[in-house]
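This briefing concerns one protein model. Please examine the sequence and the structure before reading the points below.

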Amino acid sequence: MESEVRSYCRSFEKVFHKAKNAKLWDIEGREYIDFFAGAGALNYGHNNPAIRTRLVDYLLEDGVTHSLDMATKAKEMFLKRFTLSILKPRGLDYKIMFPGPTGTNSVESAMKIARKVTGRRNIVCFTNAFHGMSLGSLAATGNAFKRKGAGVDLPNTNFMPYDGYFGEGINTVDMMEKYLDDPGSGFDLPAAIILETVQGEGGLNAASPAWLKRVQELCLKRDILLIVDDVQMGCGRTGTFFSFEEAGINPDIVCLSKSIGGYGLPMALTLIKPEYDLWHPGEHNGTFRGNNLAFVAAAEALSYWEDGAFEKELAGKASRIEEALSQLLKEHPEVKAYRKGKGLIQGISFDPPQLAGQLSAVAFKRGVIMETSGPHDEVAKLMPPLTIESSVLEKGLAILKESFEEIVQSERIGALV
Ligand code: PMP
């Protein structure tokens, strides 16, 4: 019945029925450890009990579910809590826009407002970037296959090399500066630069804090707006609520979605510095900007960030993953592979690339769900819920190790044959 466009259900050919934190069960009752977490939409796990209680209570008291962008108690609660628990402690001052419930909605609105504010058209984006599937976001997305799907031109963006694109010796901000300042470069002054601090779909490329700082300086000097697309890396994926906290930058616009809805419920935010919030009422509109169940879940999810305990826990889990992957690679120097990523989004990049898909397939047979990413699908990526229990994390890492050894073994056998 379902369209040919379906994708994840082709990699994970089971019918799933139940889920709890970092585990899923199929209809035959088989258990899986979830190292995919809804592509980053389930940072607080499946069916988080504290969030679920809030949702059930809200439903039972006949709270408003859908409200366009009318004022509701649920929305007010979320706005206050987000401002008090997230923005204020970090010294950030943003107006909060609800652009429609998906990541690509947030990116579209960010690009529109940057163009409106500056009166310029071009947006600088980066090699291997992923920003979404609607035409504006797709124009800033690198992947050739996805771009071709548009069927039309994807104008008004300029791709620049991301940090590390040409290897270590070349600082790509120097290149960008040269292009921007050379009146002969043919490069128009852009409205904004949009970037992910770690490119999730693009293969777990992590920009260095120094590079991010330089990009911000470059923007400040030339009156270019800086947009951080934190749709996948935000809400704690890299270890802090916003992925740019370590770099100490202060973007003009921030895109959030996926886990901001707390419970896997569709929701997105576009955070805009007040001086750039030049929208006319309704100028960027949409029916599903008042998903009150998501507001209720999102407000409760923020309780994870109200003291430092969660961040500490994340740091511990991140270093455990780093250690396990490094150890595995050390034990198998014959495999051309290296560790990539940061925080609770790390993975192994393989040469030849198809080993990543093989690892994901073998891991699934053994009961771990993990995806691949990168331009050649060369990176096997681990992205568990941030709330994963340590024992489940250990079990998942052990299955990953067995799966890695199985593919290495079969590669060897393949080579002998
Ligand atoms: N930006 C980034 C960085 C993403 O990772 C994604 C989704 N993978 C999007 C935007 C698009 O989000 P959505 O699929 O909800 O439109």
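In which helix is A37 found? A37 is found in helix α2 (residues 37-40); helices here are DSSP runs of H or I with at least four residues, strands are runs of E with at least two, and both are numbered from the N terminus. The model is predicted, so local features need pLDDT of at least 70 and side-chain atom pairs count only at pLDDT 80 or more, whereas totals for chains, interfaces and linings use all residues. Residues are numbered from 1 along each chain as its sequence is written, and side-chain values use heavy atoms, with hydrogens and water left out.

**Domains and their interface**

- The protein chain is divided into domain 1 (8-34 + 309-416) and domain 2 (51-305), with bounds taken from an automatic or database domain assignment.
- The centres of domain 1 and domain 2, taken over C-alpha atoms, are separated by 27 Å.
- In domain 1, 22 residues are in contact with 22 residues of domain 2, where contact means heavy atoms within 4.5 Å.
- About 1,800 Å² is buried between domain 1 and domain 2, and carbon and sulfur atoms give 55% of this area; buried area is the accessible area (1.4 Å probe) that two parts lose on being put together, summed over both.
- Between domain 1 and domain 2 the count is 3 salt bridges, a salt bridge being a side-chain nitrogen of Lys or Arg within 4 Å of a carboxyl oxygen of Asp or Glu.

**A salt bridge**

- E246 and K342 form a salt bridge in which the closest N and O atoms are 2.7 Å apart.

**Backbone geometry**

- A37 is not a glycine, yet its phi is positive at about 50°.
- A37 is buried, with a relative accessible area of 0%; buried means under 20% relative accessible area, exposed over 50%, and partly exposed in between (1.4 Å probe, protein chains only).
- L204, in the loop between β8 (198-199) and β9 (205-206), also has a positive phi, near 60°.
- L204 counts as buried because its relative accessibility is 1%.
- The peptide bond from D351 to P352 is cis, with omega near 5°.
- P352 lies in the loop between β14 (345-350) and α12 (354-365).

**A covered helix**

- Helix α10 (residues 292-301) is mostly covered, with 10 of its 10 residues buried.
- Its buried residues, including L293, F295 and V296, pack against α3 (49-60) and α4 (73-87).

**A partly exposed residue**

- F166 is located in the loop between β6 (157-160) and α8 (172-181).
- F166 counts as partly exposed because its relative accessibility is 45%.
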